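Hi,

Here is the structure I promised to send over. Have a look at it first, and then read on for what I found.

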Amino acid sequence: MSDININAVAMQVILHAGDGRNKVDEAIDAMARSEYEEAEKLLDEAETEITKAHIAQTQAIQAQVGGENIEYSLLFTHAQDTVMTINTELRMARRFLPVFRMLGEKAERNNNHE
């Protein structure tokens, strides 16, 4: 038996990843309102949450690699999938930001010429 409660670690990962997803969603909403600095701030906050999730996950993996017997946990597998998915959402949102800025600037130029 291990000293690590893998299901507790999984919940940490899921909670931090979920908080990250909420920040990504808020950032995309901010982009839609042309609030680009707010969007960047929210994406940075999302990255902080994803990093916390990744650290918790990595510590469990390193413990197992170090010889600790950690039982299989479907919840931990779900947590790993969740953090990877939300990390991808964060990466995509970061790629969206310059596109939103460019479209906003183009719309502003068009409005100024009318």
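This is a predicted model: local features need pLDDT of at least 70, side-chain atom pairs count only at pLDDT 80 or more; totals for chains, interfaces and linings use all residues.

Helix 2 has 30 residues and runs 42 Å from its first C-alpha to its last, close to the 44 Å expected at 1.5 Å a residue. In residue numbers, helix 2 covers 36-65.

Which residues of helix 2 are buried? They are Tyr36, Ala39, Leu42, Leu43, Ala46, Glu49, Ile50, Ala53, Ala56, Gln57, Ala60 and Ala63. As background, an α-helix has 3.6 residues a turn, so residues three or four places apart point the same way. And what do the buried residues of helix 2 pack against? Both helix 1 and helix 3.

Now for those two neighbours. Two packed helices are described by the angle between their axes and the distance between the axes.

Take helix 1 (residues 6-32) to begin with: its axis and that of helix 2 come within 8 Å and cross at roughly 165 degrees. An angle over 145 degrees counts as roughly antiparallel, so that is what helix 1 is to helix 2. Their crossing is left-handed. Sorted by class, the contact of helix 1 with helix 2 has 17 nonpolar, four polar and seven charged residues.

On to helix 3 (residues 74-112). The axes of helix 2 and helix 3 come within 10 Å, crossing at roughly 160 degrees. Helix 2 and helix 3 are therefore roughly antiparallel to each other as well. The crossing of helix 2 and helix 3 is left-handed, and by class their contact has 15 nonpolar, five polar and six charged residues.

Is Ser73 buried or exposed? With a relative accessible area of 7%, Ser73 is buried, because anything under 20% counts as buried. Leaving aside residues up to four places away in sequence, Ser73 touches Ile6 and Asn7. Ile28 is another matter: Ser73 and Ile28 are 45 residues apart along the chain, and their C-alpha atoms are separated by 33 Å.

Cheers

Definitions and conventions: Residues are numbered from 1 along each chain as its sequence is written. Side-chain values use heavy atoms; hydrogens and water are left out. Axes are lines fitted to C-alpha atoms, for helices over the stretch in contact, and angles run from 0 to 180 degrees between N-to-C directions. Helices (H or I, at least four residues) and strands (E, at least two) are DSSP runs, numbered from the N terminus. Angles under 35 degrees count as roughly parallel, over 145 as roughly antiparallel, 65 to 115 as roughly perpendicular and the rest as oblique. A crossing is left-handed if the near helix is turned anticlockwise from the far one by less than a right angle, and right-handed if clockwise. Ala, Val, Leu, Ile, Met, Phe, Trp, Tyr, Cys and Pro count as nonpolar, Asp, Glu, Lys and Arg as charged, and the others, Gly among them, as polar. The expected span of a helix is 1.5 Å times one less than its number of residues. Buried means under 20% relative accessible area, exposed over 50%, partly exposed in between (1.4 Å probe, protein chains only). Contact means heavy atoms within 4.5 Å.
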